[in-house]
Amino acid sequence: MSFIEYSETIKEGDTAIVFLGHESMFPVKVQQGGKTQTKYGVIRHSTDLIGKQYGSKVTCSKGGWVYILHPTPELWTVNLPHRTQILYSTDISLITMMLELKPGCVVCESGTGSGSLSHAIIRTISPTGHLYTVEFHQQRAEKAIEEFREHRVDHLVTVKNQDVCKTGFGVTGVADAVFLDIPSPWEAIGHAKSALKREGGRICSFSPCIEQVQRTCLALEEHDFTEINTLEILLRVYNVRTISLQIPDLGKAAGDNSSADLDAGSQSNQDASCTNLHQGAVQFKSGVPLREMVAHTGYLTFATKCLF
C-alpha cells in the first residue's frame, strides 16, 4: 500500500480506511493477529482484512458490515490524527492549482503540522518530484517522518526540524513553489525567495488574520514578487429538494365581465375548471442551505517571483 500507488489487496502493515458511513470512518494499521472494534463488532485483521481486496464489504462479529477503502490524501485529510489545525480539500485544491503543481515539481513547505497538505502535494508531484517540508516542533516533525515512512512516500519527502524564519528551507534555487503556514510568514519571505528557482516560481501563504496578510503582502513587494493577490474561500453546502406550493388564486381577468352572452353550460364548465385550478398545487426543485455556512478558516495569498 502506498498513498501514491494503488494496490489491489490488503497487506500487513497497510494503513486502511474503515468506512462505516459518510460521517463515520477511521484509519487502521493492518497487523497480523490484530483486532479492531467497531459498533458493528470486531474486525479480525488476519481473517477479515489481510489478502482481501480494497473496497471489500467486511462482516463484523455482530453481523454488521463495513467497507475497507484504500487510503488517499482526501480520505487521510478527514481521518488523520490532529496535531495542529489542518487545511481541508477546499483550500488544498486551490493551492495545488494556483501553485501550478505537477509531476516532477520541487516544493518547499512550512510548517508540516499534521501532514494534510503534505500528502496532497506528494501525490501531485510524484513520481519524480520532491517535497522539502519544515516543522518547528520536534515531536511533530518526528511523527511526520514516521507517517511518511508508514505510507511509503518517504522517498519523495524530506522533513527538517528547524525554524524556517531563521534558517530557511535548507535548499537554494531549486523550488518550483513554496507554501507557508506559519504565524509570521513575512519573516520567511526572503528565505522563500532564495529557495525558489531563478526562472521564477510561485509562493502561497496561508494566514487566518487579515493583519498577517497585510504584512505578508508588504514583504512580498519588498522582495520584488509580482502578481500578488489574496483569496478567501467560504464553503456553503446546499440541499436540493422537491417542495409543493399552492397555485395562487389571482381572480378573474378584467374581460370576464363582458362575456355575459356565454351560455349557462359553458359558464358552468369554466367555473368548475377554475375551481380545480385554484385548488391545485405545483411541485418544483428548491435549493436550500443544508447547514450554516462553514466558518472562515483563513486567507490564501499568492505571488510570483519576479523574472530578471
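Me: How many bridges join strand β1 to strand β6?
Reply: 3 bridges join β1 (residues 15-21) and β6 (residues 65-69), and the two run antiparallel. Strands here are DSSP runs of E, at least two residues, numbered from the N terminus, and two strands pair if DSSP finds at least two bridges between them. Val18 stands opposite Ile68 in β6.

Me: Before we go on, what are the ground rules?
Reply: It's a predicted model, where local features need pLDDT of at least 70, side-chain atom pairs count only at pLDDT 80 or more, and totals for chains, interfaces and linings use all residues. Residues are numbered from 1 along each chain as its sequence is written, and side-chain values use heavy atoms, with hydrogens and water left out.

Me: OK, what order do the strands of the open sheet take?
Reply: The order is β2-β1-β6-β5, with antiparallel pairing. At the edges are β2 (24-29) and β5 (57-59), each pairing on one side only.

Me: Switching topic: where's the cis bond at Gly111?
Reply: The peptide bond from Ser110 to Gly111 is cis, with omega near -5°. Gly111 is in the loop between β7 (106-110) and α4 (116-125); helices are DSSP runs of H or I, at least four residues. Another cis bond joins Ser126 and Pro127, with omega about 10°.

Me: And Glu227, buried or exposed?
Reply: Exposed, at 56% relative accessible area (buried is under 20%, exposed over 50%, partly exposed in between, with a 1.4 Å probe and protein chains only). Glu227 has a positive phi of about 55° although it is not a glycine, and sits in strand β12 (residues 225-232).
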